[in-house]
Amino acid sequence: MRFTRSLKAGAGVAVLALALAACGGGGGSTGASETGNQSLADKAKSTQKVVVGIKFDQPGLGLKQPDGTYAGFDVDVAKYVAKELGVPESGITFKEAQSAERENLIQKGEVDFIVATYSITDARKQKVNFGGPYFVAHQDLLVRSDNTDITGPDSLNGNKKLCSVKGSTPAQKVKDTYAKDVQLQEYGKYSDCVTALLNGSVDAVTTDDVILAGYAAAQAPGKLKVVGKGFTDENYGIGLKKDDTAGTSAVNAAINKMIADGSWATSLQNNVGPSGYKIPSPPTVPSS
Amino acid sequence: MDLFSKYDIFGAFWVTIQLTLLSAVGALIWGTVLVAMRVGPVPVMRWFATAYINIVRNTPLTIIILFASLGLSSTLGITLVDPDSTTSIADSSFRLAVLGFIAYTATFVAEAIRSGINTVPVGQAEAARALGMGFTRVLGTIVLPQAFRAVIAPLASVLIALTKNTTVAAIIGVAEAALLMSEMVENESDRLLLVFVLFALGFVILTLPTGLLLGRLAKKVEVRR
């Protein structure tokens with residue numbers, strides 16, 4: 001008796017789970033097919049709306065502010081590209097794109113394009129199209145301003161303590177290349193690394209220079225500095241749907257225009273300039 | 001299955017097991033001390049144990065672990081390692097994580113044992129007192145042995161929860177399963193599902209036998225009344 005009752009309950013739960021799964025699947029696939037075969041350029045023009053994936057937690061690049069607005073270089077690029085695609089600023093919806101989810105968000109059509117410190121790599125190119133690069137960043141080191149003995153990755157020798165975000169590519173690179181001489185502390189967020197750097201329990205924080213500059217700019221001036229000896233090239237691209245060639249060239253044209261009319265440099269100066277970070281010369285964007 | 005040759009998956013799960021076992025032993029000891037204080041006759045201890053359990057039990061584990069690393073270690077400078085050693089960061093993160101897990105899990109252990117104490121008839125403690133035994137002897141020889149036998153199944157649930165909670169240690173950089181998983185998610189974005197299934201399976205392999213074995217043990221030592 002008790003056995004049959006529990007079996008019944010189990011079956012009920014299973015049916016419910018299946019039904020929920022079916023609903024979820026159905027909703028997802030209809031959402032994707034609506035935007036599936038349309039180019040970003042056409043869709044933006046006809047609907048006057050875009051959904052853009054950005055980071056919400058990176059000062060200077062993509063940061064959600066307490067009042068609900070967004071600020072940063074990536075946000076400015078997103079707004080400029082949207083404008084060039086014919087979408088007014090009121091038609092832009094920003095959505096958080098965390099690093100691990102970015103390909104998925106694009107493939108499922110949950111965002112139209114992504115401007116979120118998104119490095120162009122061959123593995124990612126298999127899944128999404130990239131416009132740009134709109135910026136070339138270099139992995140670099142952030143140190144306290146009074147520090148003079150860390151001048152580049154090689155000077156980390158001698159049991160220096162380095163911080164980065166868990167699982168991220170910069171952390172792995174340091175582990176592989178410099179792990180013998182340096183200790184790596186990994187945290188969940190860069191802001192935790194910055195806290196540890198400020199109170200002295202680590203000596204340096206590593207990731208792309210422009211991200212570091214954003215954190216330095218968010219602190220009181222003169223507390224942190226970017227070393228400025230970049231040791232990799234990271235080409236930031238704008239991710240959009242795979243095989244959307246028309247959309248990609250529209251995005252490229254927008255980036256070229258942004259660089260040409262000076263708003264590219266102005267935005268960088270406003271967002272990461274206060275850290276003393278030297279604004280690099282803009283990258284070459286394919287004009288096709 | 002080149003994932004196994006490319007990544008030290010077993011090594012990462014070994015760290016998870018170490019975290020779990022060390023924290024479990026610590027939490028059992030600290031939890032027993034807490035419950036002894038909570039049911040004891042000294043008002044200050046009773047008050048402390050009640051406050052501690054209620055505050056820590058209701059604080060998110062993420063905050064406790066992050067506080068252990070950023071608060072205790074880097075801001076207050078309380079380190080559990082020699083700062084000049086070449087593995088000080090890895091050791092320090094591991095020990096701080098164990099400390100955090102003990103502090104957190106002990107509250108659940110204490111509450112489980114307290115419910116076990118309630119299953120021991122009050123007459124037994126009264127009889128022991130009448131024989132002239134003090135509080136510690138009543139608790140240690142009469143009440144707790146019976147209480148423990150009654151709460152093995154709930155403690156198994158706490159242990160299973162602890163096993164899975166150890167993934168939180170990834171946020172302070174302890175090289176356990178969840179940290180390796182986030183690394184693999186970053187690198188193997190074309191095989192996300194496989195990576196998730198692999199780690200879910202790993203945890204099932206760890207927790208399922210725990211539940212079964214301890215469930216059997218609970219039945220075997222149960223006090224029949």
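In helix H7 of chain B, the residues B:Val138, B:Leu139, B:Val143, B:Leu144, B:Gln146 and B:Ala147 are buried, where buried means under 20% relative accessible area, exposed means over 50%, and partly exposed lies in between (1.4 Å probe, protein chains only). Helices (H or I, at least four residues) and strands (E, at least two) are DSSP runs, numbered from the N terminus. The buried residues of H7 pack against helix H2 (9–39), H5 and helix H6 (122–130) of chain B; contact here means heavy atoms within 4.5 Å. Helix H7 spans residues 135–150 of chain B and has a kink of about 45 degrees at B:Val143, shortly before the proline B:Pro145. The bend at a residue is the angle between axes fitted to the seven residues ending there and the seven starting there.

The model is predicted: local features need pLDDT of at least 70 and side-chain atom pairs count only at pLDDT 80 or more, while totals for chains, interfaces and linings use all residues. Residues are numbered from 1 along each chain as its sequence is written, chains are lettered from A and ligands numbered from 1 in the order in which they are written, and side-chain values use heavy atoms, with hydrogens and water left out.

Chain A contains 10 helices and 13 strands, and buried residues make up 48% of its 288 residues. Of the contacts in chain A with a separation of 6 or more, 71% join residues 24 or more positions apart. Chain A is assigned domain 1 (38–136 + 234–275) and domain 2 (139–226), with bounds that come from an automatic or database domain assignment. The contact between them takes 14 residues from domain 1 and 11 residues from domain 2, and their C-alpha centres lie 27 Å apart.

What about the interior? A nonpolar core is a set of buried Ala, Val, Leu, Ile, Met, Phe, Trp, Tyr and Cys residues joined through side-chain atoms within 4.5 Å. The largest such core has 98 residues, of which A:Phe113, A:Phe135 and A:Val210 touch the most other members. Helix H5 (residues 88–117) of chain B gives the most to this core, with 11 residues, and at least three residues come from each of domain 1 and domain 2 of chain A. Apart from this core lies another, of 14 residues, among them B:Tyr7, B:Ala177, B:Leu180 and B:Val195.

Helix H5 of chain B also holds B:Ser115, which is partly exposed, with a relative accessible area of 38%.

Grid points are joined across faces, edges and corners, and a volume is the space filled by probe spheres set on the points. The largest pocket has a volume of about 1200 Å³. Among its 47 lining residues, A:Ser99, A:Ala100, A:Val165, A:Ser168 and B:Glu186 are the closest to its centre, and helix H9 (residues 177–187) of chain B gives the largest share of the lining, seven residues. The structure also holds two cavities of 30 Å³ or more. The second largest cavity has about 60 Å³ of space, and its lining includes A:Arg102, A:Glu103, A:Arg124 and B:Val185.

How values were computed
On a 1 Å grid over the protein atoms alone, a cavity is a set of points where a 1.4 Å probe fits but cannot get out, and a pocket is an open set with protein on both sides within 12 Å along at least five of seven lines; lining residues have an atom within 4 Å of a point.
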